[in-house]
Amino acid sequence: MALQDRLRTQVIAANPRPPEFRTIAGLDSAYDEDGNVVAAIVVLDATTLETVEVATAHGTTDFPYVPGLLAFRELPTTLSALENLTATPDLFICDSQGLAHPRRFGFACHLGLLTGVPTLGVAKNAWGDFEDPGRERGCFSVITIDGDPVGRALRTRTDVKPVYVSVGHLIDLDTACAQVLALTPEFRQPETTRRADQLCRRLLREISTAGTPSVE
């Protein structure tokens, strides 16, 4: 917690240069009760949404599950997966929180600082207070923690539960939400993290049945 408090002062919630995202990567992790951790990164072409590269890694952890400290449980394996990429994507989208975090330093912020790449978080559940946004795709409401705006509840599908978007690093909230909408032509979740989630689930099943995943 002390490390998060110290590092959060380095987060830049703005675009330091005009954004040009040609490739966008989704990151996700999964783990079991035995301490196995798998991480998956799926890189998409930002225009066609076709998968252009996939990287995975398998590790272990003895760090306990503590709400708000997800990065310390998942980051080591995620960084191993990043090392398997042949090129650095222009944007990372994490299945986690960014600034919408009790100490304003969720997984997406931590990853952004470590990599120096624009990063945002798209969570399935909110950490903070918000009103239900309008029912149409593209509607949003502001998420606040202790009265401070930290993200948005964004409706990516009409009449479907919103996702919860917050800045990780080197991107502003308007740009982050625009990218999330561009990546959700059919489903609630962005194609990046949706595909990474599917891959993680498959890898974890392989561990439980065969003991070793097919790391790509």
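# Cysteines, pockets and a helix in a predicted model

Trainee: Which cysteine has the sulfur nearest to that of Cys94, and how far away is it?
Mentor: Cys94 is in no disulfide, and at 1% relative accessibility this residue counts as buried. The nearest cysteine sulfur belongs to Cys109, at 9.2 Å.

Trainee: Which residues of helix α3 are buried?
Mentor: Buried means under 20% relative accessible area. Helix α3 covers residues 107–115. Its buried residues are Phe107, Ala108, Cys109, His110, Leu111 and Gly112.

Trainee: What covers the buried residues of α3?
Mentor: The cover includes both helices and strands. The helices among them are α1 (2–7) and α2. The strands include β1, β4 (91–94), β5 (119–123) and β8 (163–169).

Trainee: Which residue just after α3 takes a positive phi?
Mentor: The place to look is just after the helix. There the phi is about 70 degrees, and the residue is Gly116.

Trainee: Which element gives the largest share of the lining of the largest pocket?
Mentor: The largest pocket holds about 660 Å³ of space. Of its 32 lining residues, the closest to the centre are Leu70, Glu74, Asp95, Ser96 and Gln97. The elements that give two or more residues to this lining are β1 (23–31), α2 (70–82) and α5 (191–210). The largest share, five residues, comes from β1.

Trainee: How many residues in the lining of the largest pocket are nonpolar?
Mentor: The lining is sorted by class. Nine residues are polar and six are charged. The nonpolar residues number 17.

Trainee: What is the volume of the second largest pocket, and which residues are closest to its centre?
Mentor: The volume is about 200 Å³. By class, the lining has eight nonpolar, three polar and four charged residues. Of the 15 residues that line this pocket, the closest to the centre are Arg17, Glu20, Phe21, Asp90 and Pro118.

How values were computed:
Residues are numbered from 1 along each chain as its sequence is written. This is a predicted model: local features need pLDDT of at least 70, side-chain atom pairs count only at pLDDT 80 or more; totals for chains, interfaces and linings use all residues. Side-chain values use heavy atoms; hydrogens and water are left out. On a 1 Å grid over the protein atoms alone, a cavity is a set of points where a 1.4 Å probe fits but cannot get out, and a pocket is an open set with protein on both sides within 12 Å along at least five of seven lines; lining residues have an atom within 4 Å of a point. Grid points are joined across faces, edges and corners, and a volume is the space filled by probe spheres set on the points. Helices (H or I, at least four residues) and strands (E, at least two) are DSSP runs, numbered from the N terminus. Ala, Val, Leu, Ile, Met, Phe, Trp, Tyr, Cys and Pro count as nonpolar, Asp, Glu, Lys and Arg as charged, and the others, Gly among them, as polar. Buried means under 20% relative accessible area, exposed over 50%, partly exposed in between (1.4 Å probe, protein chains only). Contact means heavy atoms within 4.5 Å. A disulfide is a pair of cysteine sulfur atoms within 2.5 Å.
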